[in-house]
Amino acid sequence: MKKKPMKHVSLVKQVSLGVALLVGAVGLSQLAVAQPPGPPRPVPQGQAGARFDLTGYWTAVVTEDWRWRMMTAPKGDFASVPLNDAGKKVGNEWTQEQDGSCKAYGVGNLMRMPTRLHITWASDQALKIESDWGEQTRTLYFRAADVPADAAGSPQGVSLARWEPPVPLGGVQGYRPPATGGDLRVVTDHQAAGWLRRNGVPYSADAQITEYFQTFSDPLGREWFDVTTEVDDPTYLVRSFITSSDFRKEPDGSQWAPHPCKSI
């Protein structure tokens, strides 16, 4: 008896249908991945957009570069700073009598000093950073229109801040998981010339200082912030000078001890 091809035809249809479904699923998946997301939402700025809390009292914790941060290095000690010849010439003009100068507490080096900081919101669009050693005050402005005219040429210069957008964790069309990350980015220029170290290692008024602030907690639950600082100076540096400094939060201002710097 001749076998009827019904089962064979049914099997072919099933295989064809399966292949079609598989191709369709792959195509939809690729389409979902390839489809661009909608326009990014503006990142709120100022106090209302704060991605983390920097307010309070903080103390510098020096665990690296101790010889340059906790002490005044000898004249001519420029190790690890990418100075050009002009920078070395200026650095070699430093004298011991200048130790303690406010030039070491300018925006290019203040966050490297072994100091305490008091951070508050001066307004909803300006974050204020005060130091006890050197008695300096920085203001990070979230709106350029708020920068006072006398900020240009001051030791702390003009600092414009911005909350960076969060970093997405991936996902497919129709599902967007929570985002993570995001820094406080601060760009400073129009400052007075200063020193990258207390022994007269210079940066110029043409330098641009870019900082990234992040917060974290240690295993004991203590709060910290880290600031990565990049100094770009066409006058005295051959490449960027990049450092990282850590500050631990204190419960109150009982350890606050202002010490002025020398105006020389």
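Guide: Welcome! Buried means under 20% relative accessible area, exposed means over 50%, and partly exposed lies in between, with a 1.4 Å probe and protein chains only. This is a predicted model, in which local features need pLDDT of at least 70 and side-chain atom pairs count only at pLDDT 80 or more, while totals for chains, interfaces and linings use all residues. Residues are numbered from 1 along each chain as its sequence is written, and side-chain values use heavy atoms, with hydrogens and water left out.

Visitor: Why is Asp77 called buried?

Guide: Asp77 has 12% relative accessibility. That value falls under the cut-off for buried, so Asp77 counts as buried.

Visitor: What makes Arg67 partly exposed?

Guide: Arg67 comes out at 44% relative accessibility.

Visitor: Why is the contact of Arg67 and Asp77 called a salt bridge?

Guide: A salt bridge needs a side-chain nitrogen of Lys or Arg within 4 Å of a carboxyl oxygen of Asp or Glu. For Arg67 and Asp77 the N to O distance is 2.7 Å, so the pair qualifies. The two residues are ten apart: Arg67 sits in helix α2 (residues 66–69) and Asp77 in the loop between α2 and α3 (85–91). Here a helix is a DSSP run of H or I with at least four residues, a strand is a run of E with at least two, and both are numbered from the N terminus.

Visitor: How do you know that Lys89 and Glu93 form a salt bridge?

Guide: Their closest N and O atoms are 3.4 Å apart, a value within the limit, so this pair counts too. Lys89 has a relative accessible area of 56%, so it is exposed. Glu93, at 48%, is partly exposed.
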